[in-house]
Amino acid sequence: MLHPPRHFVYLDAVARAGSIRKAAEKLHVASTALNRKILEIESDIGTPLFERLPRGVRLTAAGEVLITAVRRSMADMRSAESQIEQLRGLVRGTVRIGCAESVATDLIPGTIAHYQQTHPGVQFQIVSGVTGNLVASLMADDVELILVHDPQPSETLRVISAIPQPLCAMLRPDHPLARRATLRLADCQKYTVALGDRSFGSRRLLDDVMARSRIALQVALEASTVQTLKEFTRQTGAISFQFQIGTLNEARRGELVSIPLSDRALAHSQLVLAARAGRMLPIATLSFMETLVNRLAALPG
């Protein structure tokens, strides 16, 4: 709870009571101590604030000016406290987010769990998918925020945060390439690979590099979900590809190794948090957005 300065409370109480003795009783302090405090305030200001009368006190002209400012300040503090309480503990509503599959199984659930510890009244609806579909959902106001890879720049898209996200090769720890610090796509030609289907943004990047560089990969599997690709890599040792953010969970557990691809077209992708330009977001969404921006800023770069 926000507390106004003690001398504000003293001045207000004496002005309302019209008596130092009555104000002291209300404040549960000794009247001599309260009188001494009022005298100290008057000395600091350099002018009397109260006129001493036989049966009490009343404000001087200077006291009237000061008490008006004091009461305005106290009211502002109460208003600020109310707004802070709304943001901190009384936020209600539903936050709707569209996110890439790379962040749908680790980053987003973890951030929501952390947020709901202090905002239990906020619910979430999560839609995962490919960038183009999620941008369309954002423009239709089906979701309020999207977290996606490399959306096309647009005046209708308000970018809130963007962080670098290189495309990585995912390998089993026993793969011959697993000890490399970086890889080029050409290094993967000798080994079987698993690719996302053509709805994947990462697949379009890989196809462009293969077409320009005349690289031919040995594709053993195409799949429509990231989890299928990861599981195929675990079971067969085939190389799969994923943006760095989608590899952190498996890398932490030691199940798979994540190695950034150094090809220019594959090393400069971005993970983008965005809203529709011109839309006023609900307070619950704005509150969660702040948490998510901080989480993105803390990711390994």
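In this predicted model, S202 touches L167 and F243, when residues up to four places away in sequence are not counted. The residue is placed in helix α8, and with a relative accessible area of 9%, which is under the 20% that marks a residue as buried, S202 counts as buried.

**Two further single residues**

- S102 lies in helix α5, which covers residues 101–104, and S102 is likewise buried, its relative accessible area being 6%.
- Leaving aside residues up to four places away in sequence, S102 touches H149, Q242, I245 and G246; with one of these, H149, there is a polar contact from side chain to side chain at 2.6 Å.
- A216, by contrast, is exposed, with a relative accessible area of 53%, a value that is over the 50% cut-off for that class.
- The position of A216 is in the loop that runs between α8 (201–213) and β9 (218–223).
- Although A216 and K190 are 26 residues apart along the chain, their C-alpha atoms are separated by 9.4 Å.

**The buried side of helix α6**

- Helix α6 spans residues 107–116, and its buried residues are L107, I108, T111, I112 and Y115.
- These residues lie on the same side of α6, because the arc that they cover around the axis is only 120°.
- As background to this pattern, an α-helix has 3.6 residues a turn, so residues three or four places apart point the same way.
- The partners against which the buried residues of α6 pack are the strands β3 (93–100), β4 (122–129) and β5 (145–149), together with the helices α5 and α11 (283–297).

**The packing of α1 with α3**

- Two packed helices are described by the angle between their axes and the distance between the axes.
- For helix α1 (residues 6–17) and helix α3 (residues 31–45), the packing angle is about 110° and the axes are 11 Å apart.
- Because angles of 65 to 115 degrees count as roughly perpendicular, α1 is described as roughly perpendicular to α3.
- On the α1 side the residues in contact are H7, Y10, L11 and V14, and they meet L34, K37, I38 and I41 of α3.
- Sorted by class, the contact of α1 with α3 consists of 6 nonpolar residues, 1 polar residue and 1 charged residue.

Notes
Residues are numbered from 1 along each chain as its sequence is written. This is a predicted model: local features need pLDDT of at least 70, side-chain atom pairs count only at pLDDT 80 or more; totals for chains, interfaces and linings use all residues. Side-chain values use heavy atoms; hydrogens and water are left out. Helices (H or I, at least four residues) and strands (E, at least two) are DSSP runs, numbered from the N terminus. Buried means under 20% relative accessible area, exposed over 50%, partly exposed in between (1.4 Å probe, protein chains only). A polar contact is a pair of N or O atoms within 3.5 Å; within protein, one must be able to donate a hydrogen and the other to accept it, and residues adjacent in sequence count only if both atoms are side-chain atoms. Contact means heavy atoms within 4.5 Å. The arc is that of the directions from the helix axis to the C-beta atoms. Axes are lines fitted to C-alpha atoms, for helices over the stretch in contact, and angles run from 0 to 180 degrees between N-to-C directions. Angles under 35 degrees count as roughly parallel, over 145 as roughly antiparallel, 65 to 115 as roughly perpendicular and the rest as oblique. Ala, Val, Leu, Ile, Met, Phe, Trp, Tyr, Cys and Pro count as nonpolar, Asp, Glu, Lys and Arg as charged, and the others, Gly among them, as polar.
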